[in-house]
Structures are given as structure tokens and as C-alpha cells.
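This report describes a ligand site and a sheet. The chain and its coordinates are shown first.

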Amino acid sequence: MNTSEKSRKVLIVGGVAGGAGVAARLRRNDEQAQIILFEKGEYISYANCGLPYYVGNVIKEKSDLLLQTKKGFSQRFNVDIRLKNEVLSIDTAAKTVTVVDYDSGKTYRESYDKLVLSPGASPIRPHLPGADMSHVFTLRTIPDTLRIREFIEAKHPKTAVIIGGGFIGVEMAENLHEQDIEVSIVEAVDHLIGAIDIDMSYDLHNHVRAKGVHLYLNQLAQTITDNEVVLASGLVVKADLVLLSIGVSPETEFIKTSGIALGARGQIIVNERLETSAPDVYALGDAIGVRTFTGHEDAIIPLAAPANKQARLVADLICGIPRKYNGTQGTAIAKVFDMTVAVTGESEKSLKRLGKSYLKAYTYSNSHAAYYPGAVPMFIKLLFAPDNGKILGAQITGYETVDKRIDVIATAIRAGMTVYDLEELELSYAPPYSSAKDPVNMVAYVAENILSKKTTPFYLEDLLALPANALLLDTRTSGEYEHGTIPGAVNIPLDSLRDRLAEIPTDKEIYITCQIGLRGYVAEQLLKGYGYRTHNLLGGYRHFQAKETDLSSQKKTTAVHNS
Ligand code: FAD
């Protein structure tokens, strides 16, 4: 910019992921701009994603959470940072904001050329009796985290209830458990981590329970007392500490009087240039509604990576660099004890909600070559379009290298790739790292087999209503079969199938299962060669068993309490 021109004055509301990101990039773009950043809290640019690990003492020093201090940030970027300054309202006609400075108690106005809103989203506090008691917490900020840690150190709670089993809820379950606290999660719907589908949650539930965490699924918390949470079902769960973690809501109350357009859930409406309905006002982060890849408008997807990307974009747009926000695909990952749960793009339930048609493939693959020590399985679900094979979404649960596989698929979605492209991806391979057919290639092969009708899959939900003329055929070894099978299945091991064809009626539809779906596929092709009409259970007995274990544990939880 020509220094003789008047420098632009940019106000930023919110000083963490989005706001601090805009300020830093803006300064790198424009040395002359006057930048003022308002943050109502005491800290800027801290690692909110790391907060659960500070509670769990994995991150030991508070200072490690502070990515930047006011002094360091303002020195490096020459930004006027005003902590404990809350923006109360915006006058878009006069182009001013009204601010209260909590240290002086004074209220003042500040004018802007450009205004950036990154106020984030705050935890929803349900109106439960007892929710305002001193042992009930939410987790968003450093002070929230300190309060929880101080409470643990002072009161030594033996039991904790986490109300809400989303990403933050399960991360906190692990971290409280690591503090020798007996943890229960109360979740209103039928599975943890709402971003995944229920069929991807069975292994997760079993793992969390195996670690000693109690799960109360399909249960509503009704009342909080000194040391218990009473559920609407009548169950009573011990709780010396309660964490409310039922989701977040855009923190946009202060915007309501400004006339800036908000969505039904308070999210700020923005266009692809992240402009709000008011001139020269931009918004980003958890507070905005975003377009998803399948065209869902104004979705609230509160994640750090999109907020950071949007920050860069807003700073560029303010400086006249043409940029466009192409939507959020919701790639997310969480460590849940020894497991990793990851998701990208649409889920089956979101596709159903949107009325979009889709197909799905499942695979169990090893994290690396089975013969190299330490290989562990991962379960992948891939969703794709029936007409052209375009990848719509994926979910993975496992123990090792889940992050790598979800990121490959996330990249493929971003690039608009299809199942056929995914098959062709040439991914790095040596036995300690992968297999010559990477798990991502494998799930694409299954998807391609479905699209080309080489295989006719069926799924756990179909077992509930198989046609009357179905024969359920378990193709595992007799030893495996004797250890457990899907009720009603007859056993003919794959390797004796050709010799025992006479036992398989030709007038029936053959529904084949095996351990994970691989031998079943081989059996399917074999039987098709003899004219049979076949279907193969993707995920096989392994998936069935995970579901059964999960459901029977759920029943036991209720039964223990009722007895
Ligand atoms: P924030 O980072 O929340 O910043 C908004 C700031 O604006 C706040 O500090 C607030 O005090 C301030 N503010 C609000 N209103 C005003 C006002 N009127 N005046 C002045 N200041 C105001 N995402 C991931 O992708 N991965 C993770 O692992 C992950 N873990 C998380 C764990 C926790 C415990 C939490 C709370 C969040 C986690 N997130 C994670 C989400 C991620 O932190 C957010 O998506 C991201 O911080 C959003 O950035 P933002 O700028 O929109 O909002």
C-alpha cells in the first residue's frame, strides 16, 4: 500500500483461533493497517483443543496452552490487543462498535473501516435443576480448565458424569479417567460422537466400556444433585463432578441488534467471501453457517481447521486479494483412550437427512502388512454416489494410522474424486507402514465392486428382515463357527464350498457371511459361477459381534441399576 494513503482500520472481535489468525495474516499483508482486537476473556490465541489434556495432566504446564501472549503477539504483529474488552453491540450504519472495558468499567465506541467477527460458540447450558452448582462445569476456556483442575485437586472427586458424548465429552472422559475418577457418560441419542454413524460406534462403545467408563446411551439427564445425576428414566448415576458437554451455540447475542443476518440457530450468515449481510463486516469460525460439500447451507461445524483457513481468507479479502471459501467438509478426529475415531464429509445420517442417494462400503484392514509385527485392524466406512462414484464421506475407527487414511480420503473429497480415483491412488508402502494395497485402496475396490455390481452387499440392518427364501451361509471355518455365528446361519467353510454345493439349495437367495466380508466375497463369486443369487455381508461376523456386545452391555447397564 502507498503509505500516503489513509491506513485501513480493522476491528476484530474474538482473539482465539479465528480472530488471532486474521490479525496475524492481516499484519503480514499490510504493515500500515491499524488493527484492534477485542477479546472479552483474559487470554488470546490459546490452544482450546488442548484443554482436555491439561485436565488429564498430559499437558502439564498452563503456559504450554498459551500459543501467544498479549505482549508477544502485539510486539510481533503490532496489534492493539484489548483483553477483557467485550463488544456489546454493532452499529453498521455508523460503522462503530460499543465496547465495555472490564478493568476500568468504562464503555466506549470504536469506529471501523472493516469489522471481523470471530466470537466463536459457547457451550450450551441445559436448564437442568442443579446445573448451577459449584461442581458442575463446562469447558471452553482456560479459566474453565483451571476451575476443573483446581476442583479435582481440592476435592478429589471419585466419580464424574459427563452429560453429552461428543468429541469433547469423550476426550474429557479419558482425561478424567486418567485422574482416577470413575467416569460415566450420559448421552441422549443412541451413540457417542454424533458426527459418526451408529454402525461405526459399536467398537468405540466397547472400547470405552473396557476402559471402565460407564455409558448411558439414549438417556436424558434430568436433575443434578450434590453427588448424583438423576436421569429421566429414573436411573441415578454417581457424580462428584459434572461436565456439561451437550454442544455449542454461536455466541452472537451481541450481534442481534445490529441487523446483521443470522440463521435460525444464531449462526452468522456469510457468502463465499465470508461477508455478512452488512457492508465491510466479515465473519468466520464457529459462529458462522457454512456450506458443506453436498450443498447443505448454513451448517454449524465448530472446528479449528476451518476457522484457521477462514482467517487467512478474511485477511486476504480485506486486503483486496481475491479469495473464495469453498465450504467445510467436517474432517474431524479424536483420540479415545487407545482408539482413534475419524470422520470426513457426509455421514449416512446426514445424507439421509439431505435426501441424497448414496451407496456404502465397509472394510477391516490392517494398519500395515499383517506379517510385520504390530499390525492392528481399522474399520472403514466409505459413502459414495451411486451414479458416478463420487466420494461423499468416510469414517474410520481403529488404533494406528487412522489419521493418515482419513486425511487421504479427506483430500480425495476436496479434489472431487471418485471411487475409481481412490482405487488408483499410489500410496507409500513398505511393510512397517502399509500393505501394497493400502486400506484406502481396499475400501475403494469394494466400492467399485458394488458400483459394477460384481458384488451385491448386504448390511447388519438387513439381517433384521432377510427375505423368506434366504439362506444365511457362514463361510468361516467350523472352529470359528462353533465360537459363535449369526443366529440361523449354516456353516460351509469357504475351502469346502465347491465340494458341498449340493447342500446349497438353488431356489434360495444366498446371504453369505464370514469374519469381515473378504472370504464371503470369494464365496460369492464362486457361487455366482454356479448360478446362485448371492449377497455378501460387509463387515461380516466381526461387525455383527461388535454390535451384539455393545447392545448386551447397554442392557446390562440398565439391568444393574434396576436390580
Ligand atoms: P474461539 O476460538 O472460541 O474464539 C472466540 C473468542 O471470541 C472467545 O475467546 C470469546 O471469548 C471471544 N468473544 C466472543 N464474543 C465476544 C465479544 N462480544 N467481544 C469480545 N470477545 C468475544 N476443534 C478441532 O478441530 N479439533 C479439536 O481437537 C478441538 N478440540 C476442542 C476442544 C475444546 C475443549 C474446545 C472448547 C474446542 C475444541 N475445538 C476443536 C474447536 C475449536 O477450538 C474451535 O473450532 C475454534 O476455536 C473456533 O475458533 P473461533 O475463532 O470461531 O472461536
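Predicted model: local features only at pLDDT ≥ 70, side-chain atom pairs only at ≥ 80, totals over all residues.

**Ligand site**

The ligand is surrounded by 28 residues, and the closest are Gly-18, Glu-39, Ser-118, Asp-286 and Ala-304. By class, this shell has 15 nonpolar, 7 polar and 6 charged residues. At least two shell residues come from each of helix H1 (17-29), strand E2 (34-39), strand E4 (85-91) and helix H7 (304-318). E4 gives the most, with 3 residues.

| Residue | Protein atom | Distance to a ligand oxygen atom |
|---|---|---|
| Ser-118 | polar side-chain atom | 2.8 Å |
| Arg-140 | N or O atom in the side chain | 3.0 Å |
| Leu-303 | polar backbone atom | 3.2 Å |

On its own the ligand has 990 Å² of accessible area, and the protein covers 90% of that.

**Sheet**

Five strands form an open sheet with parallel pairing, in the order E24-E28-E27-E25-E26. Strand E24 (457-458) and strand E26 (490-491) are the edge strands; each has a single partner strand, so one side of each is left without a neighbour in the sheet. E24 runs parallel to strand E28 (residues 533-537), and 2 bridges join them.

Key: Residues numbered from 1 in each chain as written. Heavy atoms only, no water. Pairing = 2+ DSSP bridges. Helix = DSSP H or I, 4+ residues; strand = E, 2+ residues; numbered from the N terminus. Near = heavy atom within 4 Å. Polar contact = N/O pair within 3.5 Å; in protein donor to acceptor, adjacent residues only side chain to side chain. Areas by Shrake-Rupley, 256 points an atom, 1.4 Å probe, with all protein chains shown as cover. Nonpolar A, V, L, I, M, F, W, Y, C, P; charged D, E, K, R; others polar.
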